[in-house]
Amino acid sequence: MPRLTAGNREARRAEIIAAARRCFSRDGFHRTSMPDIAAEAGVSTGAPYRYFASKEEIILQVAGDAFRVLLVPLEGLVESGEAVSPADLVTAAIEPAGWSQGVDAAGKIVPVDELFRCAVGAWAELLRHEDLRVSATRGFEEVRQQIASTLLRGQAAGTITDQINPDGASRVVMALLHGFILQRVAFGLEDLDGIRDDAMTILRGAGLLQT
């Protein structure tokens, strides 16, 4: 049997991850077994073990992919290095909740609901899975600190009021991101335009947005 090239191996790993994501999204992490993943991927029962040491490793991959997609708009905004307004940050935080498609780590377009359902499931896993909690905390803090730095730049540029505490406001932005994704997955949130306007009104009333 010919050996797999590095490219073919990565492609097969991506196929197994995609199959696992579909299973996790549909049945949850704990109700999905490695044989379930193999069947979904159309490979032999033992095939996933040639690419992953355990189901836990696949969970880490899928969860990391889901969290990455959630943060794409915010990361793009804060990495631009420009002085942005609080409204820009709020819009970027809410934006993913309105998507229908996303791009996974292999560059494949996938239904975003698969990713979001896995993200919500992964949040619960943070309470019992130390490796996942450490990885997620690291990613969360990196983005949150970038947001705080962006708010500081905005204050220096005069686009953001000095009454805002950048550290606390960065947590508000992250809470919006998580909250709206949860509402979409669990409670069927659809009216993102109206919700975004309402969020602006509430934050402005709280003094977090300039009038």
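Predicted model: local features only at pLDDT ≥ 70, side-chain atom pairs only at ≥ 80, totals over all residues.
Which residue forms a salt bridge with Asp113?

Residues are numbered from 1 along each chain as its sequence is written, and side-chain values use heavy atoms, with hydrogens and water left out.

**View 1. The largest nonpolar core has 54 residues.** A nonpolar core here is a set of buried Ala, Val, Leu, Ile, Met, Phe, Trp, Tyr and Cys residues joined through side-chain atoms within 4.5 Å. Buried means under 20% relative accessible area, exposed means over 50%, and partly exposed is what falls in between (1.4 Å probe, protein chains only). Look for Phe24, Ile58, Phe67, Leu74, Leu89, Ile147 and Leu177, the residues with the most contacts inside this core. Among the elements that give it two or more residues are helix 1 (6-27), helix 3 (55-78), helix 5 (112-125), helix 6 (130-157) and helix 7 (166-187). Helix 3 gives the most, with 12 residues. Helices (H or I, at least four residues) and strands (E, at least two) are DSSP runs, numbered from the N terminus.

**View 2. Phe24 and Phe29 make a tilted aromatic pair.** Their rings sit 4.8 Å centre to centre, with 55° between the planes. For rings of Phe, Tyr and Trp (its six-membered ring), a pair needs centres within 6.5 Å; planes under 30 degrees apart count as stacked, over 60 as edge-to-face, and the rest as tilted. By this rule the count comes to 2 aromatic pairs. Phe24 counts as buried at 4% relative accessibility, and Phe29 is buried too, at 6%.

**View 3. Phe67 and Trp123 form a stacked pair.** The ring centres are 6.5 Å apart and the planes meet at 15°, so the pair counts as stacked. It links distant parts of the chain, with Phe67 in helix 3 and Trp123 in helix 5, 56 residues apart. Phe67 is buried at 14% relative accessibility, whereas Trp123 is partly exposed at 21%. Leaving aside residues up to four places away in sequence, Phe67 touches Ala119, Ala122, Trp123, Leu132 and Ala136. A contact like these means heavy atoms within 4.5 Å.

**View 4. Helix 5 has a set of buried residues.** They are Val112, Glu114, Leu115, Phe116, Cys118, Ala119, Val120, Ala122 and Glu125. What covers them includes helix 1, helix 3, strand 1 (101-103), strand 2, helix 6 and helix 7. At 1.5 Å a residue, the 14 residues of helix 5 should span 20 Å, and its end C-alpha atoms are 20 Å apart, which agrees. The expected span is 1.5 Å times one less than the number of residues in the helix. Pro111 lies in strand 2 (residues 109-111), and at 44% relative accessibility Pro111 counts as partly exposed.

**View 5. Asp65 meets both Arg21 and Arg68 in salt bridges.** A salt bridge is a side-chain nitrogen of Lys or Arg within 4 Å of a carboxyl oxygen of Asp or Glu. From N to O, the gap is 4.0 Å for Asp65 and Arg21, and 2.9 Å for Asp65 and Arg68. Asp65 and Arg68, by contrast, are 3 residues apart in helix 3, so about one helical turn separates them. Asp65 is buried at 6% relative accessibility and Arg21 is buried at 2%, while Arg68 is partly exposed at 32%.

**View 6. Asp113 forms a salt bridge with Arg184.** Here is the pair from the opening question, its closest N and O atoms being 2.8 Å apart. Asp113 is partly exposed, with a relative accessible area of 39%, and Arg184 is buried, at 16%. Elsewhere, salt bridges that share partners join Arg21, Asp65, Arg68, Asp104 and Glu114 into one network. A search of the whole structure finds 14 salt bridges.
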